[in-house]
Amino acid sequence: MAAQSLLRAIGPPDFSKAVLRRRTEQSYGAASFRTWSPAEMTSIVTSKTTDAPSERTRLKRYNWLAKYDRDTINGIIDAGIICQVGYVIDGSPYVTPTNHWRIDDFVYWHGSSASRMLKAQQECIPVCFTVTHLDGIVFSRAAFNHNVNFRSVMAFGKAELCADEVKRQALQVFVDRLAPGLWEYARKPTDQEWKATKLIRMKLDEVSAKVSDGLPDEDADDLASNLWAGSVGLRLVLQPPVPDPKLREGIEVPAFVKQFLYPK
């Protein structure tokens, strides 16, 4: 069954529209999936939720960096491929980095059916989901005021195991999220490979974002000094494709590889 079947079953996710749009534009689309600059992230205006959904997601310190609207939250989640999932097994805390993707109000991650992490999470245990992007280094005149610019999301909820039909369709969305067209191009999973894969998801009910994109906050005495202050932006740089040396002669680079863009 095509990935579009899942989209019809649970409602059309914004991300599916974005990846389809990227096939022709080579960039993420508008709305919640446009490529926000840090400055735009802090000035976005939305009619959606603008207050913390719970007390544990409400920022106490540096609360002016908080963002509770869903456009900003979704944009930060969708701009990343790696998340961190925190949970407790037998009284011991763990934080596991893994791939993630979003469909509507759920975030998904997957792994081996034999994974201890996923076996625990499928029992609807509480988890903490985070995504962070480092956007720059902020240099101050005073050592105490050096800082970083970043975008981050933290969400609390209970993980749940996805049924096989949802797993098969949501994983197609994940593959095409990496590169639109990749699912149709690649060999499809065998029954054994499907069986060896487990899919977990979490509802984005209790979630908040934190965005810092400023310059150093300086004291008056430091502003009067002859020391330099400012910031240096950081970004990922795409490298040219590297072909597998075992490729047979004459196999060309697919269009989705040539046009690949990492989300920002």
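**View 1. Asp104 sits in the loop between β4 (101-103) and β5 (106-112).** Strands are DSSP runs of E with at least two residues, numbered from the N terminus. This is a predicted model, in which local features need pLDDT of at least 70, side-chain atom pairs count only at pLDDT 80 or more, and totals for chains, interfaces and linings use all residues. Residues are numbered from 1 along each chain as its sequence is written, and side-chain values use heavy atoms, with hydrogens and water left out. Asp104 has a phi near 55 degrees, a positive value in a residue other than glycine. Its relative accessible area is 22%, so Asp104 is partly exposed (buried is under 20%, exposed over 50%, partly exposed in between; 1.4 Å probe, protein chains only).

**View 2. Asp90 lies in the loop that runs between β2 (82-89) and β3 (92-99).** Phi of Asp90 is positive, near 55 degrees, and the residue is not glycine. Asp90 is exposed because its relative accessible area is 72%.

View 3. The structure holds zero disulfides (a disulfide is a pair of cysteine sulfur atoms within 2.5 Å).

How values were computed
Helix = DSSP H or I, 4+ residues; strand = E, 2+ residues; numbered from the N terminus.
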